[in-house]
Amino acid sequence: MLCQEEADFDLEDRSKAATPLTDEASRAYLADPSVLHWVAAAEGLVVGHMSCCLIRKRAGDLVEVLLYEMGVRGQYRRRGVGRTLLGALNDWMAAHQVKEVWVVADNPAAVAFYQSAGFKKAPEDAAVYMSR
Ligand SMILES: CC(C)(COP(=O)(O)OP(=O)(O)OC[C@H]1O[C@@H](n2cnc3c(N)ncnc32)[C@H](O)[C@@H]1OP(=O)(O)O)[C@@H](O)C(=O)NCCC(=O)NCCS
């Protein structure tokens, strides 16, 4: 469902429907202990979701969380759905003694959203997002 309605969970004109996983790949995804994925439902509809990856560290804290993806349906934004999803992550982190979560916010509304939840911007020259 999320795949087919991908566009509704993202900025306008940025996403289109994606190919869903096979049943076997879905089971592997859900069984992977390094994958955390929450959904928020209201009125019988999935209205938001958030996926995170657990990153195992080589030293210091054992793990940290990468908040990889988050989206709330357009019509359900600014109603606290995102805040509730982050609350679920906070609870999970507290229960598992995980101290750090980081995210690459890729648009001004997302930056404002994460800042409202206590995330701090890295210094301008601290990191350069790159991909290949
Ligand atoms: C970013 C996003 C997940 C926020 O979800 P949301 O459910 O609308 O957020 P909430 O209603 O819980 O907002 C909590 C607080 O965040 C801040 N905030 C949220 N959206 C904001 C916006 N567009 N502009 C400024 N501040 C915003 C506000 O402080 C808000 O509290 P308030 O409504 O009481 O003022 C949602 O806008 C979204 O899905 N955007 C498209 C996909 C996206 O950008 N994902 C993140 C990619 S990194």
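This report describes the ligand site, charged pairs, aromatic rings, a surface patch and some backbone features of one predicted model.

The model is predicted, so local features need pLDDT of at least 70 and side-chain atom pairs count only at pLDDT 80 or more, while totals for chains, interfaces and linings use all residues. Residue numbers start from 1 along each chain as its sequence is written, and side-chain values use heavy atoms, with hydrogens and water left out.

**Ligand site**

A residue is taken as near a molecule if one of its heavy atoms lies within 4 Å of it. There are 24 residues around the ligand, and Met70, Val72, Gly82, Arg83 and Asn107 come nearest.

| Residue | Atom of the residue | Distance to a ligand oxygen atom |
|---|---|---|
| Arg77 | polar side-chain atom | 3.4 Å |
| Arg78 | N or O atom in the side chain | 2.8 Å |
| Gly82 | polar backbone atom | 2.8 Å |

On its own the ligand has 910 Å² of accessible area, of which the protein covers 78%. Accessible areas come from the Shrake-Rupley method with a 1.4 Å probe, and for residues only the protein chains shown count as cover.

**Salt bridges**

Side chains of opposite charge can pair when their charged atoms come close. A salt bridge here is a side-chain nitrogen of Lys or Arg within 4 Å of a carboxyl oxygen of Asp or Glu. By this rule the count comes to six salt bridges.

Arg73 takes part in a salt bridge with Glu5, at 2.6 Å from N to O. Arg73 lies in the loop between β3 (63–72) and α2 (81–95), and Glu5 in the segment before α1 (23–31), so this pair ties together parts that are 68 residues apart in sequence. Helices (H or I, at least four residues) and strands (E, at least two) are DSSP runs, numbered from the N terminus.

Arg73 also meets Asp8 in a salt bridge, at 2.8 Å from N to O. Asp8 is in the segment before α1 and Arg73 in the loop between β3 and α2, so the pair ties together parts that are 65 residues apart in sequence. Arg73 is buried, at 5%. Glu5 is partly exposed at 32%, and Asp8 is partly exposed at 32%.

Another salt bridge joins the side chains of Glu64 and Lys57, at 3.2 Å from N to O. Glu64 is buried, with a relative accessible area of 12%, and Lys57 is partly exposed at 32%. Salt bridges that share partners join Glu5, Asp8 and Arg73 into one network.

**Other contacts**

His49 lies in strand β2 (residues 45–56) and is buried, with a relative accessible area of 5%. The side chain of His49 makes a polar contact of 2.9 Å with the side chain of His37.

Leu11 is placed in the segment before α1 and is partly exposed at 33% relative accessibility. Leu11 and Val72 are 61 residues apart along the chain, and their C-alpha atoms are separated by 9.7 Å.

**Aromatic rings and surface patch**

Rings of Phe, Tyr and Trp (its six-membered ring) pair if their centres lie within 6.5 Å; planes under 30 degrees apart count as stacked, over 60 as edge-to-face and the rest as tilted. A search of the whole structure finds two aromatic pairs. Ring pairs link Phe113, Tyr114 and Phe119 into a cluster.

Trp102, Val104 and Tyr129 make a nonpolar surface patch of about 340 Å². Patches are made of residues with over 30% relative accessible area and no salt bridge: like charges are joined within 9 Å, and nonpolar side chains (Val, Leu, Ile, Met, Phe, Trp, Tyr) within 5 Å. Trp102 is in strand β4 (residues 101–103) and is partly exposed at 33% relative accessibility.

**Positive phi values**

Glu43, a residue other than glycine, has a positive phi near 55°. Glu43 is in the loop between β1 (35–42) and β2 and is exposed, with a relative accessible area of 68%. Gln97, also a residue other than glycine, has a positive phi near 50°. Gln97 is in the loop between α2 and β4 and is exposed at 67% relative accessibility.

Technical notes
Buried means under 20% relative accessible area, exposed over 50%, partly exposed in between (1.4 Å probe, protein chains only). A polar contact is a pair of N or O atoms within 3.5 Å; within protein, one must be able to donate a hydrogen and the other to accept it, and residues adjacent in sequence count only if both atoms are side-chain atoms.
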